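Colleague: I have a structure to look through with you, if you have a moment. Could you take my questions as they come?

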Amino acid sequence: MKRIIIFSFFIFPLWLSGQSKYTISGYITDAGSGERLAGATVYNKSTGKGTATNTYGFFSLTEKEGLCNLSFRFVGFREHTVNLELKNDTLVNISLQHGIEIDEIKISAQRQLRGNPELSVLNRQQVDMQMVESAPVILGERDILKTLQFMPGIKQGAENTAGYNVRGGSADQNLILLDGVPVYNVNHLMGFFSVFNTDAIKSAELIKGGIPARYGGRLSSVLDVTMKEGNMKESHGVFSISPVAGRITYESPIKTDTSAFIVSLRRTFFDLPMVAFQKLNGDNYNFGYYFYDLNAKANWKLNPGNRLYLSFYTGTDKLFHNTRESKTDKSSYNYNWGNFTTVLRWNKMFSPKLFSNLALYYSRFNHQQTGKAESEDTHTLFKTTTRLDDMSLKADFDYYIQPQYTLRFGTKVSHLTFNPNIIQLKSENSDVSFNEQNSSNARQAEIYMENAFSFGRLGLNIGSRVSGYFTGKKSYIHFQPRFAANLHVTPSFSVSTSYTQMAQNMHLLTNSSLGMPTDLWVASTDRIGPQLSSQVTLGIAYEPGQNFIFGVEGYYKKMNHVIRFDEGVAFLNPKESGWEENVLVGEGKAFGVEFLTEKQKGRLTGIFSYTLSRSDRKFDALNRGNWFPFKYDRRYDISVLAEYMLNKLYNKSRSISVGFTLQSGNNLSMPDTEIEGMLLPGTDFADHPIAWQNRRFTYSNPNNFKMPAFHHLDLGYNIIKKKTESKSITWSFSVYNVYNRMNPWYYYKKDGKVKQVSVFPLIPSVGFKYTF
Amino acid sequence: MKFKPFYIVLLISAIFLSCEEEVFFSFEHEPRLCLNCILNPDSTVITASLSLSKKMDTINEIKTISDAKILLYEDGNLFGQFSNKGDGKYKLNKVPVAGKMYRITVDSEEYGKVSASTVVPNKPEITWSKDTVGYDEYNLLRYNLNVQIHDKQGKDNYWLYSTGIVNGVKGGGGGGVVLNAPFADTFNRRYETEEKYGFMHYYQIRLSDEGYDGLVLDFIIPDLVPTNQYRAKHILNASEHYDKYIKTSILYRLNEEADLPFSEPVQIYSNIENGFGIFGACAISTIVL
């Protein structure tokens, strides 16, 4: 049966391509900047057929010879129409002007033309960058990941951290891409801020169900973040400042309408006044902390069918402490972690129907602690290094065979190097390294095929991804079928379902107590295999008009080979044993229902989401092999994010924004039971047995204690003053945690007492942005 | 704008203020039976203690249960019924046999039933010798104790501990033994630069035959000092469940003592179905020095 299905996938495209038609293809761009628009719709009013642009702004529509009345549309832009007599394959490049659509035309048809029409509104969520810019945030730092956490099914880890859990999965099960390159650590300052500088970001999309075959490598979700490409028409820039950091972004054509670049830098300035003060004070030490992000991108239109992109990102957190007692007597401590990614991409149009994206990328996450001490006689060094290198080559093809059928296929090969927690101790007499046996290399090869069908009201995506992971000692091959379907029963009402299997070849070892940069990415080995999951979803959506979206979706997810540290393991302890001896392998399951209400137009816009869910884990070596609640098993989650436009004039607009979250608390393992204990071997012989051994303190199951409900209300007020067409000033005022709820961030036990740590009280902030 | 200076002051004072406070939780707790019983073929009496679990941080003592019926089965056949000695203590004058499977059942009218199973391990087969090292800086003659455990096929977990009498006072436990061997479990090893090997094991030393099954586990206990008083080294072969119980007890204690709260929490192991405690077995070989 499997062979018949595979055979059909190969024959079907040939059968469909046998009909004689012509293809209209091209790119849709922003007239103001030349940026390509992903998800713009192309609709032929003459035939009622249409399509949408892909991630790179490319579209392809095959029609019969004759008159075509084409409509090009995108949210926030004016419709553009083109009438042409189709006699041969035609290249049409369209630039859309900014503006508001003034009429609703075939809303349902437009809706069905959007990218990934087979996915429900709850499975695929486009992050509204306008919402990101206006949402009230802590200390004025806009953050895509924190705005995402208002969506149903997406939950934060600890309070105000960028790490998130999707549908009962753990944070490492989310694939986060920046221009197609995986970013392995998205946390600044223990996760309080993410690495994404919103001034440099064009769009972001999260898929958490029905994940198409072109994505792979993580179990729970894909967050696809795209950087701006650079303005091909004229120079522009943004300068912004918040209580935490300053940002500057500059974009400009290199050659008008041919090539452009963008550079964006963000840096905190906690350390600058501190170091200056310490120097002026004549202190013999200095200490401080800072982080920065640097994004850069350039692109060239070589010719109508070829375009090159070069992207680059680097970001680092640095904690430092230097002491100088004398000329020869000094010590230093540095704690750094950060990412480096770079990608060279080539978009090539092989034919009006065949588009390709070839990419070569490198991604690195590096985390290092260095302690040095020097005197006249001694030089000592303590250094720990964790590093993950990912070098990959991938090719993706979109083959627009028919308006109803698009075939996507591709391949990727990767070379991965893992160096988790390598410790070096060096002095005059010795040079010792630990954990070098933990280093490993692996190779990965993947191919996929996606068949995207659009039969009137029915959108289907049937595909599969095959991944091969080779550790040297063992090979893992996984076949991952993917299926998604969305049926518009009526133009406003749709039913959707999906089934996906995913494989994840790497694991993030994280201490269950805190989210730290010391979290270790490790490779699957011959002993610890890849994680696997299967997920099924079923949902309905109601979209009356263009203004509202109502959605309900249920899901069930099963996970295998999930790992965690063994009991008692502390990642800060240097250990001679490899990490494999310190982890447990088990299973997970999660199910729930998500509700979404979204208002997209009018003075008041925003979303209301509610999630009711459960997530459990099971490890043979824990809890006698019984299921127990996952740490981030939050039974309910209510989130509201809204913006109300007070007024919107040509040169001034004011709005207020509200963010509210109410969630049941995380789970912790907290001893709650006292029992009689047995003396350890030998102590029963002693005249004075040790008192603590007569008692034991334990809990009936891991994660037995649910922290109190977490809730906070944030308010924001934004004023945008437009000086000229291209210059504007934005003032943003926000208050985080308006009613000063001291949500518990962490619990720990010391000297028999339970201590609660809360971090975020009421925090007002103001931010300033100048666009030029 | 007039309020700008106000906002600047607010900004400067808007820093992270972490707040720590002691909290008290009221946990729901249903008392359950806690059974502790370790079988040892070298002992002519089997002892069990039965009590109730209680909510933590309450001042009342642990309640013992003295009216339960406790039965022991050997390979499915009734081996004996424990007699009640009061104060939650029960005794059975029988000798368990290595290699046999034992099942214990407890029936309390008021608190229900619990049960557990275990297999009695074999006595460790050991050989040993002494090597004189020489005099140390205190002019004490030191020797090394060379020990070989002749492991049998099958999973075994050994615990090394000492007992002794010093000036009439009995002492014992796993502390104070320094050992460097590849089969020594590192779960409770912590780096201590002043120690002979740069580390020490806290509370007990566990030796695992994983990777050494059926082989000889050869190790040295270094730098011992001769004495006229009683002193012995013991190698205890723990059953699977007892082994986990000892290990989790030590891990829990280490977590309690740790300076930083970064260790994974530990649940004290129990193989008692529907209850707490441990039903395990061990066999001990002793080296009297």
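Colleague: To begin, which side chain meets A:R167 in a salt bridge?

Modeller: Please keep in mind that this is a predicted model. In it, the side chain of A:R167 forms a salt bridge with that of A:E553, at 2.9 Å from N to O.

Colleague: Where do these two residues lie in chain A?

Modeller: A:R167 is in the loop between β11 (164-166) and β12 (174-178), while A:E553 belongs to strand β35 (residues 548-565), so the pair ties together parts that are 386 residues apart in sequence.

Colleague: Is A:R167 buried or exposed? And what about A:E553?

Modeller: A:R167 counts as buried, at 1% relative accessibility. A:E553 is buried as well, with a relative accessible area of 1%.

Colleague: How many salt bridges are there over all chains?

Modeller: The search of the whole structure finds 41. As a general point, side chains of opposite charge can pair when their charged atoms come close. One of the salt bridges joins A:E587 to A:K558, with the closest N and O atoms 2.9 Å apart. That pair links distant parts of the chain, since A:E587 is in strand β36 (residues 583-599) and A:K558 in strand β35, 29 residues apart. A:E587 is partly exposed at 24% relative accessibility, and A:K558 is partly exposed at 23%.

Colleague: Which residues are joined into one network by salt bridges that share partners?

Modeller: The network consists of A:E35, A:K202, A:E229 and A:R307. Within it, the side chains of A:E229 and A:K202 meet at 3.4 Å, N to O. A:E229 sits in the loop between β17 (221-227) and β18 (236-241) of chain A, and A:K202 in strand β16 (residues 201-207), 27 residues apart. A:E229 counts as buried at 4% relative accessibility, whereas A:K202 is partly exposed, with a relative accessible area of 22%.

Colleague: Changing topic: how many disulfides are there over all chains?

Modeller: The search of the whole structure finds zero disulfides.

Colleague: What does the secondary structure of chain B come to?

Modeller: Chain B has two helices and 20 strands. Its radius of gyration is 25 Å, whereas a compact globule of 289 residues would have one near 19 Å. The C-alpha trace spans about 90 × 65 × 40 Å along its principal axes. Of the 289 residues in chain B, 47% are buried.

Colleague: Which open sheet includes β4(B)?

Modeller: It is a sheet of three strands in the order β43(A)-β42(A)-β4(B), with antiparallel pairing. The edge strands are β43 (695-698) of chain A and β4 (54-55) of chain B, each of which pairs on one side only. Four bridges join β42 (residues 673-676) of chain A to β43(A), and A:E674 has A:F697 as its bridge partner in β43(A).

How values were computed:
Residues are numbered from 1 along each chain as its sequence is written. Chains are lettered from A and ligands numbered from 1 in the order in which they are written. This is a predicted model: local features need pLDDT of at least 70, side-chain atom pairs count only at pLDDT 80 or more; totals for chains, interfaces and linings use all residues. Side-chain values use heavy atoms; hydrogens and water are left out. A disulfide is a pair of cysteine sulfur atoms within 2.5 Å. Two strands pair if DSSP finds at least two bridges between them. The radius of gyration is taken over C-alpha atoms; the globule rule is 2.2 Å times the number of residues to the power 0.38. Buried means under 20% relative accessible area, exposed over 50%, partly exposed in between (1.4 Å probe, protein chains only). A salt bridge is a side-chain nitrogen of Lys or Arg within 4 Å of a carboxyl oxygen of Asp or Glu.
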